[in-house]
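Okay, thanks for coming, everyone. Please take a look at the model on the screen, and I'll talk you through some of its side chains.

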Amino acid sequence: MAPDTEASAGPRPPRRAMSMPEAPLESVKILAALQAAARASGDQRVLEAARAVEAAYDALALDRMSLVSRLGAASAQNEREIAKAQTIARVAETVNSSLELETVLRRVLDIAVEVLGAQRGFVMIADERGTLNLAAMHGLDRASLDSVEMRPSHTAVQRVFESGETLITTDAQSDPRFNAQMSVRLLNLRSIICVPLTSKARRIGVVYLDSRVTPGLFTPQDPSLLIAFANQAALAIENARLFNDQRAQLREIVRLEELQAKVLSSITNGVITVDGSGTVTSFNAAAGETFGVAPALMTGRPIAVLEALVPRLATLINAPELVGKPIEVEARHPTRGNLTLQIRIAPLDLGDREHNAKHSVAIAITDLTERRTLETMHRTDVEQRRAIGDAFSRYLAPHVVESLMKAPSAVELGGERKTATILFADIRDFTKMAARMEAERVVEILNAYFEAAVAVLFENDGLLDKFYGDGLMAVFGPPRVRPDDAARALRSAARLHEVVRELEPIIHEPLRISVGLATGDVVAGHIGSTRRLDYTVIGDAVNLASRLQSAAPPSATYCDETTYLRSGLNLRGERLQAKIKGRDDLVTVYRLT
């Protein structure tokens, strides 16, 4: 009865048309016709066969659908790989199109945002201490990036940099790693991805991207794409950083070269540098001035050109025992003539030792010509001073010798008008005494007297003008006139009378002297010839003092009124009116005993 039951059910619509819409229309028509014929025949076996055909057809359709699905997935994967390769190629082409670090970082971030469809992002680069610093931003400003809300993002970035692991979430609002963070809640962040920048197994920074709109923006394949992108970008960043470092080094080298040129030009001593191949590499302005040549004409020339300036210079440079030691050499200047130079040679390391067996050297040059000239003049001056001292120290008071030593050039013919007190002292009746003595005894007595008398004069800063027979002449005043010249002259006169009395028990002869003093204007200076000069004074006061000495009796001192009044000593004395040889009028004289 089964067939009847099935037959009574009526014909069923073909299943294939519903379950396999993708099947070809002809196959569906054939299958529907086969099913209709089987039902029409009412033969159970035919019906079973039709059902078997239908089941086989369904199985084939399922297999076909599975194959199509796998082919679609493979095609999508291939398209993603192609897109990845194209993206990486684009990254390589874009980021390598510039060596400016700032430009490379900006392009890296812009491409990452574009490829992954992010809204915001930033790149951070580590410094030498490993501290991450913001390098580029997209969709953000510095104020918002430094805000409290973004601090958790900084924490995640630091974790990615330290661990080297990629961080990704497709919905931060439901991700337990993020949904508790203030920045995620306040900023309504949905998708987040952060990958390290790695170059030569060394992490140099991170790339961070996020979106506040689209959950599921980043797929499981995006980290590998971003990592490949980041690695390529890291290489470009490293190249840019290396370029920046090299450019900075080049600028520093240029700056140092400019500084060296300024230093060399400002140094007052000459400085010449010669490289290991024997080529002059620098020749500063002071060296040019020393030798009378233009520095530009010497730079780049072989060392042989220096030999024309300083003979045997190459030999000196190649003598290791002379390194660092001062060497005095002779040189020649085109207009100044012979030069005396001191040179010091010092090795330099200019990085040329690999190609040359010899070190580069620096030659410091000090022009000693003027110094040596001054030293010669000084030696001449010292010798002249010594000669003056030797010549005058036994005859002049120390202050006169000192004055002449300070200004030896003043020893020349001529004089100047000054006020002076003149002293003459003479041993009375010495001619009669000498007539009965041997000449040696006369000389002995005179030397003893003059030795004591000169000591008295020098003690009172007097100038011994001359000895004449048994007498002497002294000057108080020139070359350094002082207010107490007259007083010192009178003290000397009184002391001379005392020393001759003190000499009697020594020389065993009675000596008596007479002294004459006068004060007035005289001409004081060096008088004589250019071959022999005497420092003396000429004037009326000299003549008057001599006449007063001649008029004074033994053991007495005659001085004119000017001397007496100028001395201010208020000495006891007799005021006289005396007739002096060579004068018509009487002269007021003070006799001091």
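Let me start with rings. I call two rings of Phe, Tyr or Trp (for Trp, its six-membered ring) a pair if their centres lie within 6.5 Å; planes under 30 degrees apart count as stacked, over 60 as edge-to-face, and the rest as tilted. By that rule, this structure has six aromatic pairs. In one of them, Phe283 and Phe291, the ring centres sit 6.4 Å apart with the planes at 40°, so that pair is tilted.

Before I go further, a word on the source: this is a predicted model, where local features need pLDDT of at least 70 and side-chain atom pairs count only at pLDDT 80 or more, while totals for chains, interfaces and linings use all residues. Residues are numbered from 1 along each chain as its sequence is written, and side-chain values use heavy atoms, with hydrogens and water left out.

Buried or exposed, then: where does Phe283 fall? I say buried for under 20% relative accessible area, exposed for over 50%, and partly exposed in between, using a 1.4 Å probe and protein chains only. Phe283 comes out at 5%, so buried, and Phe291 is buried too, at 2%.

Another tilted pair is Tyr449 with Phe450, at 5.2 Å centre to centre and 45° between the planes. Tyr449 is buried at 0%, and Phe450 is buried at 10%.

Now, on to charges. Side chains of opposite charge can pair when their charged atoms come close. For a salt bridge I want a side-chain nitrogen of Lys or Arg within 4 Å of a carboxyl oxygen of Asp or Glu, and that rule gives 17 of them. Take Arg575 and Glu561, which meet at 3.3 Å, N to O. Arg575 is in strand E17 (residues 574-578) and Glu561 is in helix H20 (residues 561-567), so this bridge ties together parts that are 14 residues apart in sequence. Helices (H or I, at least four residues) and strands (E, at least two) are DSSP runs, by the way, numbered from the N terminus. Both ends are partly exposed: Arg575 at 47%, Glu561 at 27%.

There's also a network of salt bridges linking Asp461, Arg482, Asp484, Asp485 and Arg488.

Let's move to helix H18, residues 485-507. Its 23 residues reach 32 Å from first C-alpha to last, close to the 33 Å expected; that expected span is 1.5 Å times one less than the number of residues. Arg495 and Glu502 form a salt bridge at 3.1 Å, N to O. Arg495 is partly exposed at 29%, and so is Glu502 at 43%.

Which side chain does Thr557 meet in a polar contact? That term means N or O atoms within 3.5 Å; within protein, one must be able to donate a hydrogen and the other to accept it, and residues adjacent in sequence count only if both atoms are side-chain atoms. The partner is His497, at 2.8 Å. Thr557 lies in strand E16 (residues 557-560) and is buried at 3%.

Last, cysteines. With a disulfide being two cysteine sulfur atoms within 2.5 Å, the structure has zero. Cys194 is buried at 1%, and Cys559 is buried at 0%.
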